[in-house]
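Please look at the sequence and the structure below, with an eye to how the parts of one chain are set against each other.

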Amino acid sequence: MLKKREYPRIGETIYSGQLPCGLTVTVAPRSGYKKSVAFLAVNCGGADRGVYLDGVRRAVPPGTAHFAEHRMFELPDLGDAMTVLSRRGANANAFTGPDMTAYYFECGEGFYDNLELLLRLVSTPCFREEDVDREREIIAREILMTEDDPEDAMYYALLRALYARAPVREPVAGTVESISAITADTLQDFHRAFYVPANMSLVVVGNQDPEKIRDMAEALIPSGPAILPKRDAREREPEKPVEYRVESEGEIGAPMFLAGAKTAADLRGRESVSFELTAELALGCLMGSASPLYRQLYDQGLINETFGYDFENVAGYSHLTFGGETRDASLVCLKVLEEAAALASRGIDPDYFARRKRKMYGSCIRALNSFDSICYNAAAGSFEGYDYFDTLTALDAVTERDVRAFLAEFMTPERTAVSVINKKGR
Amino acid sequence: MDKVTERELMRGVRLTCVRAERFKTGYLSMTLLAPHTKKTASLNAVLPYVLRRGTARLPDMESIAARLDGLYGARIDPAIRKKGEVAAMGFCADFPDGAFLPGRPDILSPVAYLMGELLLSPATRGGRLRADFVESERRNLIDDINAEINDRRAYAGQRLVELMFRGESYGVSKLGTIADTGRVTVQILTRYYKELLSTAPMEVFYCGAEDPDRVERVVREALSALPRSGEHTLPSTVFGSTKPVGPVRTVREVMDVTQGRLCMGFRLEPPPEGLELPAMLVFNTLFGGCATSRLYLNVREKLALCYYVSSGIDRFKGALFVFAGIDFPSFDRVRDEITGELEAIARGEMEPWELESARRAVVSSIYSAMDEQAGLEELYLDRAILGLRPEPGELAALCADVTAEEVARVAQSAHLSHIYFLTAEGDDAEET
């Protein structure tokens, strides 16, 4: 039986539990919708560069998790599961991130037939050498396409400037060179190591029966001891970046920049939710669109609509970023860091802080409209050891002092690197 | 089923209310409809951003943002959409439903009033929009137009539309051109803004848990200062081109890219009355609009000729577009394969399962849009502009009944007009 839990503040009833094989199942029933979404996540991704099988570590090339995702849709008896799902009118897809690989579909009718296929496809590897060779071409094109994207290039240039060794510094899909070393055996090993039930999480949002979903998962996911895969230890990173400024040129409309700093590492459970909320609140107070700094920079024409900030906590590493189009990246960075120091020392106006917190409250509510967002966050919560549906409790606890401490510790010139793309003349 | 009510609130102002309790948020939009022309595109694009800079009561972005933060992060965003030759311009808002907030506050009213204020009572100096706001938003718009090149795929698509509809309003991007944006002045924009307010029809859309009568009262109040004196004729959009279809033109442009972007543009003949939209949607999905489409399965998967390939249809203009990411040398081959697939469909060569998958995919995409507030808003806006009768749910039912003959007929009516190729090889060239 899945455990039923009510969350009256957000108007949700959630059914969740762990099967004997280790698979986590979460169901958020929704009435009134025509669609349902099922999302099967595996706790592995681009940052996983080593597999441990029979007590031996084998290195895998950058891009292995993503390559495996591309080939998982192939089933020995049915061929391409994506085509089968698509023929049935379901909208199926998958993605690979630094620390999560997920397969999902959205459909109106035939939910349980589609769910059966989803559960089967992750547990039925079918890596044939000739398919792998063909797929390499397709992935190489995908990589070339993203390399054409100036914002992607700027982002990875920043991560390489920030991180000395962490695997998150390389693109999830790898490079055309790195994927040339991936064979059917590499994929087979990767699958054997990471695609184990205890390392997976199934999330369903829609007007569906939680117990039926549980029963199907139990029947279709191979049973076995619920053991988590062994992983590489996290690389120790210095606080400072490797390089403070990296620049490149591209055919772009206007020069742009992305600055960032490494923040806390190895966050787990509730602590990671609290830290994430603190980071977002701190960045919002400092440079959100309602901040005095934003207005000042906007009025001076130093930033425009494209300016924004972000916080990412992936694969045991976390960092903040901010950037957008500007004619003077150094000046914008300087002003942001000056204001961060000023806020940290003089404190944040209580009314302003309360409004920013209300805004965060509202975004937590809004996020529950999105089936995709619920699926992603509930799965990430089950991997990281926190209850996503209880985020508001964590938000209540974040104080102005936490936010100031975040700004004081992480938003300093010593920690901040900047990646700039200048406009190349045609 | 959602309860939908449609009312005329005042001259030229229509309110569509979709009462639905499944969402955690409320959604409200106010959209003015005006002709999209070369002359007005930049004005339409810059106006909501200028209005968003400050109102008579809240004189800067900081105070507007503070107000929105206080409303639990309600968002009111400027929106400019191009629907054929109609510009749909205004604001879209979404905000947490009071039922999930401490003390169950009313968020709809303050959001509607603030949106009304943004539209009707901007910050002014001497009766004109503020010169500093106009100047900086004009510069921002020029930056946005320049930045279109950053997204290679969208840029290539926009270049194709420009070439294919050269000299026609539809060929102009929804952001307008840099030259026209450069000519926007405070005087011109203020005059245009006042004219729009008194003459442009307005579509108001709400979706959420509130009772439609209450929504009506709130919106009436929010728009009480709207001057409604002139005529409010719905701007029209013409299906098809005003120019005859000439020989196919191919344009190559060179840029520092690692992958070629091929775009093909076809003009569609106006289809028989009543059948147009469902048949067009199913045809497009079968041709290149889903993962079981001809282009995806044959050109991408089987022949492995492209990283991505898809087709899209402009239901307002009657144009069909194909977009593909390819290796530079594959240009001729991919072009021929794409036209080959289109010809096969025109000959009626389609498997029953292909047709069935396409019908299902169209139906589920309409249903999927109906499960989102922004999706519903767009469906109802499109319907208002096209003057269509079917409700989105009925449209889905019609799509489920489209026959192979109807799909073939759409394919027969497609005439290749322009090909655009963004490549790293050779020189810029145009050939017939």
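In this predicted model, 27 residues of domain 1 of chain B are in contact with 25 residues of domain 2 of chain B, where contact requires C-beta atoms, placed from the backbone, to lie within 7 Å. The side of domain 1 of chain B that touches domain 2 of chain B draws at least two residues from each of strand 2 (13-19), strand 3 (25-35), strand 5 (86-96), helix 5 (152-164) and strand 8 (202-208) of chain B, and helix 5 gives the most, with 8 residues. By class, this side has 14 nonpolar, 6 polar and 7 charged residues.

Domain 1 spans 3-222 and domain 2 spans 249-431 of chain B, with bounds from an automatic or database domain assignment, and their C-alpha centres lie 29 Å apart.

Helix 1 (residues 38-51) and helix 7 (residues 186-199) of chain B have axes that come within 11 Å and cross at roughly 85°; the two helices are therefore roughly perpendicular to each other, a term for angles of 65 to 115 degrees. Leu43(B), Val46(B), Leu47(B) and Val50(B) in helix 1 meet Leu189(B), Tyr192(B) and Tyr193(B) in helix 7, and by class this contact has 7 nonpolar, no polar and no charged residues.

Residues are numbered from 1 along each chain as its sequence is written, while chains are lettered from A and ligands numbered from 1 in the order in which they are written. Local features need pLDDT of at least 70 and side-chain atom pairs count only at pLDDT 80 or more, whereas totals for chains, interfaces and linings use all residues.

Key. Contact = placed C-beta atoms within 7 Å. Helix = DSSP H or I, 4+ residues; strand = E, 2+ residues; numbered from the N terminus. Nonpolar A, V, L, I, M, F, W, Y, C, P; charged D, E, K, R; others polar. Axes fitted to C-alpha atoms, helices over the stretch in contact; angles between N-to-C directions. Parallel < 35°, antiparallel > 145°, perpendicular 65-115°, else oblique.
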